[in-house]
Amino acid sequence: MEIKAEIIHNDSMAKGYFKLGLACAVPEVRPGQFVMLRVSDGLDPLLRRPFGIYRTLGQTRGRTLGTRGSSSKSKGIEVLYRVVGKGTAILSGKRPGETLGVLGPLGNGFPDRAEGSNPVLVAGGMGIAPLYLLARRLGEGTLLFGARSKAETFLLKDFRGLGLKIKTATEDGSAGIKGLVTGLLENELTPESIVYACGPVGMLKAAAAISGKAGARCLVSLERSMACGIGVCLGCAVRAKAHKEEKENRFYKMVCSDGPVFPGEEIDWDLL
Amino acid sequence: MGPVVKKTKAATEVTIAGLKFKNPVMTASGTFGYGAEFAPYMDLGRLGGIVVKGLSLYPRQGNPGPRIAETPCGMLNAIGLQNVGVDDFIERKLPLVRNAGTHIIANIFGETVEDYMEVARRLDGAEGVSALEVNISCPNVKKGGIVFGTDPQEAFKVVSAVRKSTSLPVITKLSPNVTDIKVMVRAAEDGGTDAVSLINTITGMVIDVERRRPVLATATGGLSGPAIRPIAVRMVWQAAQAASVPVIGMGGIMSARDALEFIIAGATAVQVGTASFIEPDAAVKVAEGLEEYLSKNETTVQDLIGSLRTA
């Protein structure tokens, strides 16, 4: 579970965007799970950082990945990241052959799809990363991708050819339709749809509301600062809507151990 | 591992309030859940003890988020003492660790003296609890929010009330947010405590400059991690000079060497806290490093306690 993993590659995909490959034999990975990476052995930065697992490495292409009950081991994992702070800046300077402490896979991924449902994936920017394994497993449906501009559409490259229809929305209109990705969502939904969403909180909130109105199920993958990733620091709490029978015992859910995937209607978006 | 381990086992043994600890390394409350969460990562039996998440009379939801913020060599937290409550702990959490082969110490807190007493009473008959650690860093709601841990009279009242409510050894966990720690040590001793543990987190704050808002939803929080270690060592040293009961030291311990600083300053045992968030088995590694040090230097923990040379 705690592994020292050798870096296979740490390649720049575009300015500030990286694809990191780590050699580590991980047990089955479910789509939507994450790992905690220690970017430095020193004391500053002190904490590990969570990263969604993009895909597993070293398995035959086309093989079903991450299926529940599968005991297949992969040779490694890949994560995507954007340099946004101190930790990711340090990470971007790591070279192949160096090692990183990896804890995981952690969290509950996306649940198995209900029979006959029509999957709609909604991704905002880097929020697309934890959806790759899911898209690959589903092999059908629609992927709605939202970005600021055309410059981010390179993130779609690996998703082409997986069997999903891809539609894009950009804020500046430089690719796809001009506007927000949630605008695309409204026209895609039927009550049989199941929505899988990952991206900024505003997008997730809108996706949950739009899905709710259409009578479709919506699963959101949340992100929060966390210290441990294993449900003990209680730092990554999000406000959940209280069920009547629970009274006030359980207003908070932990993104790491209860999530990171939650049914959209479970989250109290106004008090998040 | 052969005879070497056998020899160092005795070298690491310490006694606090009549309880024998196989080694002086425990996990700090609030950083180790209720213990069982860490079983996948280590043999819990390698620990001297586990101090569980602070328990209150009724379950508590804790504070809104954000609850944590990373700081240079540390972290700030304002979890808000979220816990399952003492009854649920006894019924569902304790059975998972009572046979783990280590001491289970229940950390308790309340908002009134009566709360503390009732939590202590309920734990008194619970099979598998070795001792109580009394967190006195909470505001006394009845006394208008005075923090038990910063007012010696309040501290005395709560410690003596717990003392009367239990037959278990009582450890009082002291707050560093005081001018003179020795006064608090004496107050806890007068209340009948069997040991003191320190330091709890230091009050701190981080501001998001762009938004001009505190990063934590509660504005302020408790600072922990290696950033606070020198303060912790200083306070443990001062407390040990004033105390006639054993002192348990903590604050930013990441390695065996860090633990040794506390022991040399006068701590009989140590607790590993924030480090467990980063490396789940950090406390076991500290215990192993300590064994190695003792065996290499042919000494014992007992010989090192308070062995600081100042002349």
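Two residues are taken to be in contact if their C-beta atoms, placed from the backbone, lie within 7 Å.

## Interface between the chains

On that criterion, the contact takes 27 residues from chain B and 27 residues from chain A. On the side of chain B that touches chain A, the elements giving two or more residues are strand S5 (68-71), strand S6 (74-77) and helix H8 (275-278) of chain B, where helices (H or I, at least four residues) and strands (E, at least two) are DSSP runs numbered from the N terminus. The largest share of this side, three residues, comes from S6(B). By class, the side of chain B that touches chain A has 15 nonpolar, eight polar and four charged residues, with Ala, Val, Leu, Ile, Met, Phe, Trp, Tyr, Cys and Pro counted as nonpolar, Asp, Glu, Lys and Arg as charged, and the others, Gly among them, as polar.

## Model and confidence

This is a predicted model, in which local features need pLDDT of at least 70 and side-chain atom pairs count only at pLDDT 80 or more, while totals for chains, interfaces and linings use all residues. Residues are numbered from 1 along each chain as its sequence is written, and chains are lettered from A and ligands numbered from 1 in the order in which they are written.

Chain B averages a pLDDT (the predictor's confidence in each residue, from 0 to 100) of 94, and 96% of the residues score at least 70. For the complex, the predictor gives an ipTM of 0.91 and a pTM of 0.92.

## Strand S11 of chain B

Strand S11 (residues 170-173) of chain B is covered on both faces, with Val170(B) and Thr172(B) buried on one side and Ile171(B) and Lys173(B) buried on the other; a residue is buried if 20 or more other C-beta atoms lie within 10 Å of its own, exposed if 12 or fewer, and partly exposed in between, with C-beta atoms placed from the backbone.

Strands pair if DSSP finds at least two bridges between them. Strand S8 (residues 131-135) of chain B runs parallel to S11(B) and is joined to S11(B) by four bridges, with Glu133(B) standing opposite Ile171(B). S11(B) also pairs in the parallel sense with strand S12 (residues 195-198) of chain B over three bridges, and there Val196(B) is the bridge partner of Thr172(B).

## Helix H6 of chain B

The buried residues of H6(B) include Arg229(B), Met235(B) and Trp237(B). Among the elements that cover the buried residues of H6(B) are H5, S12, strand S17 (247-250) and helix H7 (256-265) of chain B.
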